[in-house]
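Hello,

Please find the structure we spoke about below. My notes on what was found in it follow.

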Amino acid sequence: MIDLLLEPFTYNYMFKAIWVCALVGGVCAFLSSYLMLKGWSLMGDALAHSIVPGVALAYLLALPYAVGAFFTGILAALSMAIVKQKTKLREDAIIGLVFTTFFAIGLLIVSINPTAVNIQAIILGNILAISDYDIAQVVIISFICLFVLLLKWKDLVAVFFDENHARSIGLPVNALKITFFTLLSAATVAALQTVGACLVIAMVVTPGATAYLLTDRFGRLITISVLLGSLTSALGAYASYFLDANPGGLIVTLQTLIFLAAFFFAPKYGLLKVRKTIAKKVGA
Amino acid sequence: MSNPIVTIKNLSVTYPNGHHALEDVSVNLKSGSICGLVGVNGAGKSTLFKAMMGFVKPTAGNVSIDGMSVRNALKKNLVSYVPQTEEVDWDFPVLVEDVVMMGRYGHMGFLRRPSKTDHDAVAQALERVNMSEYKKRQIGELSGGQRKRIFVARALAQGGNIILLDEPFTGVDIKTEDSLIDLFQSLVAEGRLILVATHNLGSVPSFCDEVILINKTLLAYGSVETTFTQDNLSKAFGGMLRHHQLIGADLHDDEDARGVTVLTDDERPLVLYGEEGGKKIVRTPKRKKADKT
Ligand SMILES: Nc1ncnc2c1ncn2[C@@H]1O[C@H](COP(=O)(O)OP(=O)(O)O)[C@@H](O)[C@H]1O
Ligand SMILES: [Mg+2]
């Protein structure tokens, strides 16, 4: 029995997949804590799709895909910021507009050069077939993100909570926001490799949303979110060995199950607790 | 304590939509005084604050604080600002004490690890606004007046020598208003400069030392005694105020020509008493100390 459970670890590719997923899952979960608060959850999805043209171009020019992805990610984030500043369009419309434009350009490039990119690898991701070269990229990106986030998470909270106040106490608000979107683009690139463009959205939304139901303090929210993100990602990759299933699908399913558990059973905001409290108040 | 002076020189602000909100406003503010900023809705009070904080760019003129540019003054945490409406997400997962602690970030190191001084400053600030018992509440779980006090506490924790408050009395009850006024007076006694925007006329003479009357342009600026007069107020408010007057024979049985004028905009009325129907203020109603229970 034990032997069977440990079996995945005897395969080098499985072992790598598990810890790389845990790392990427943790970084995405960290970012998800912020995105969810601002109602920017769809931003992660938008970025993931916007990255496609960059990846396609990078392959064409024989550059590391991360470089191309990263620059289109930043470009997309900047376009959104500029359209937002110059028009009165709402955020959802802007995100939709920018990301479909970028995605369309990406598809166009791929369709003109069909052999250039394996588009399915971008959209679905496949951590089990990832090359060592790509792993190196993912790991470097993840560690840089984690490092910056650990240093500056409090400043980012201040900016996200009350931008004007952050400015009034002399924080470099614009620099912090640009940093955040740079990290988000970078993390999205990393997540593409593991779960693919379609499921990146879950990685940068679900852990934060779950943690939000469990605590009123931002520091704890981040801790819970990162733990959930890492554990579910590792577990999903691990379980994919036995079920012979797509790891991305498993990871996101696990995250959703935990979210549902929190939704019903969370100590303060869970459905059951809220019902009980109200019943008690009414009964008293 | 340093002696911060705010110098506003020929300040004009035009919004991107072409609206001229402020034109050629010049004032010099000294520390150790409470200054009321009074004007009708839309007079440009909030705009003046935003220009002082560098949130809107002046189209002409400039603001300097303690001889520095606004940017540098903010970096040195000289100015605390309590906006009219907080544009924050009230469901944000932060506790009251976390919000007040954010006022201290400018004093902390690179990692923003609070020291004992920071914790003490937060506790003290909460104490001064009477909100200590709420420190573990999530910020959304407070009433409007309590939320306001939390943001005042954040400004206090920041410890700026210049405090800008944009309509701090809107939505708070009289008792809270009185305790806020007591608080402002004790802050000024510590040598700070407090600038309070308000359209609540009645309380201005009782707690302000100076007053700025604006309506797009500067109408009058000076000490309350000489500036807060019926003439100036009529200029500032036009026909927007309810106006009751009892003069000479209506008020007295003797030859006394003095009169009483009551100006009100539905909040605390302003009562003027004196010669020429109260055109000059002879006496302003002094505020009784709010009882702290
Ligand atoms: N962001 C903005 N864009 C355009 N016009 C504005 C903006 N903010 C305020 N205004 C206009 O500027 C004038 C002054 O506004 P404000 O400073 O908020 O007045 P007050 O605080 O005295 O009530 C008003 O006429 C208002 O409509
Ligand atoms: Mg205003």
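In this predicted model, Asp155(A) and Lys152(A) are joined through their side chains by a salt bridge, with N and O 3.3 Å apart. The term stands for a side-chain nitrogen of Lys or Arg within 4 Å of a carboxyl oxygen of Asp or Glu. Both residues belong to helix α8 (residues 132–161) of chain A and are three residues apart, so about one helical turn separates them. Helices here are DSSP runs (H or I, at least four residues; strands would be E, at least two), numbered from the N terminus. Over all chains, the structure holds 15 salt bridges.

On conventions: residues are numbered from 1 along each chain as its sequence is written, and chains are lettered from A and ligands numbered from 1 in the order in which they are written. As this is a predicted model, local features need pLDDT of at least 70 and side-chain atom pairs count only at pLDDT 80 or more, while totals for chains, interfaces and linings use all residues; side-chain values use heavy atoms, with hydrogens and water left out.

Chain B against chain A

Four salt bridges are counted between chain B and chain A. One of them links Asp162(A) to Arg154(B), with 3.1 Å between the closest N and O atoms. On the side of chain B that touches chain A, α2 (70–75), α3 (96–102) and α5 (144–158) of chain B each supply at least two residues. The largest share, four residues, comes from α3(B). By class, that side has 17 nonpolar, five polar and eleven charged residues (nonpolar: Ala, Val, Leu, Ile, Met, Phe, Trp, Tyr, Cys and Pro; charged: Asp, Glu, Lys and Arg; polar: the others, Gly among them).

The contact (heavy atoms within 4.5 Å) takes 33 residues from chain B and 25 residues from chain A. The buried area is about 2500 Å², and carbon and sulfur atoms give 60% of this; it is the accessible area (1.4 Å probe) that two parts lose on being put together, summed over both.

Helix α10 of chain A

Helix α2 (residues 12–38) of chain A and helix α10 (residues 173–195) of chain A have axes that come within 10 Å and cross at roughly 140°. Axes are lines fitted to C-alpha atoms, for helices over the stretch in contact, and angles run from 0 to 180 degrees between N-to-C directions. By class, this contact has 14 nonpolar, one polar and no charged residues.

The axes of helix α3 (residues 41–50) of chain A and α10(A) come within 9 Å and cross at roughly 65°. Met43(A), Gly44(A), Leu47(A) and Ala48(A) of α3(A) meet residues of α10(A), including Phe181(A) and Leu184(A). Here the classes are six nonpolar, three polar and no charged residues.

Regards
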